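Please keep the sequence and the structure in view while reading.

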Amino acid sequence: MASTEDHRTLAAECLRIAHENQTHRNRAVLLRMAEIWNRMADRAEAGSAEEIDLSLVEHEDTRGTEGS
């Protein structure tokens, strides 16, 4: 199982890539991924074994044309 530090590192990496990415769609996906990694780290720090319900993470339809 990944550590809290691993979760935070992955969140930071998603944010770094999101800021370098030129398309709105890719940025949105990476920002959501960072949010999920940070939630996982928060729960690990709290000692919660409860799984994160990914359906609660707001998302937009990422299908469609590139750059939209």
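Which kind of link do the side chains of Glu35 and Arg39 meet in? The two side chains meet in a salt bridge, at 2.6 Å from N to O, the term standing for a side-chain nitrogen of Lys or Arg within 4 Å of a carboxyl oxygen of Asp or Glu.

## Basis and confidence

The model is predicted, so that local features need pLDDT of at least 70 and side-chain atom pairs count only at pLDDT 80 or more, while totals for chains, interfaces and linings use all residues. Residues are numbered from 1 along each chain as its sequence is written, and side-chain values use heavy atoms, with hydrogens and water left out.

The mean pLDDT (the predictor's confidence in each residue, from 0 to 100) is 79 for the protein, and 68% of its residues reach 70 or more. Over residues 60-68 the pLDDT is below 50, although this stretch has twelve contacts (heavy atoms within 4.5 Å) in the model beyond near neighbours in sequence. Where pLDDT is low, the predicted coordinates should not be read in detail.

## Salt bridges

Glu35 and Arg39 are four residues apart in helix α2, and therefore separated by about one helical turn; helices here are DSSP runs (H or I, at least four residues), numbered from the N terminus. Glu35 is partly exposed at a relative accessible area of 33%, and Arg39 is partly exposed at 29%, where buried means under 20%, exposed over 50% and partly exposed in between (1.4 Å probe, protein chains only).

The structure holds five salt bridges. One of them joins the side chains of Asp42 and Arg8 at 2.6 Å, N to O, and this pair links distant parts of the chain, with Asp42 in helix α2 and Arg8 in helix α1, 34 residues apart.

Helix α2 has 23 residues and reaches 33 Å from its first C-alpha to its last, close to the 33 Å expected at 1.5 Å a residue, the expected span being 1.5 Å times one less than the number of residues. The buried residues of α2, among them Ala28, Ile36 and Ala41, pack against α1.

Ala34 counts as buried because its relative accessibility is 1%, and the C-alpha atoms of Ala34 and Cys14 are separated by 5.4 Å.

Notes. Helix = DSSP H or I, 4+ residues; strand = E, 2+ residues; numbered from the N terminus.
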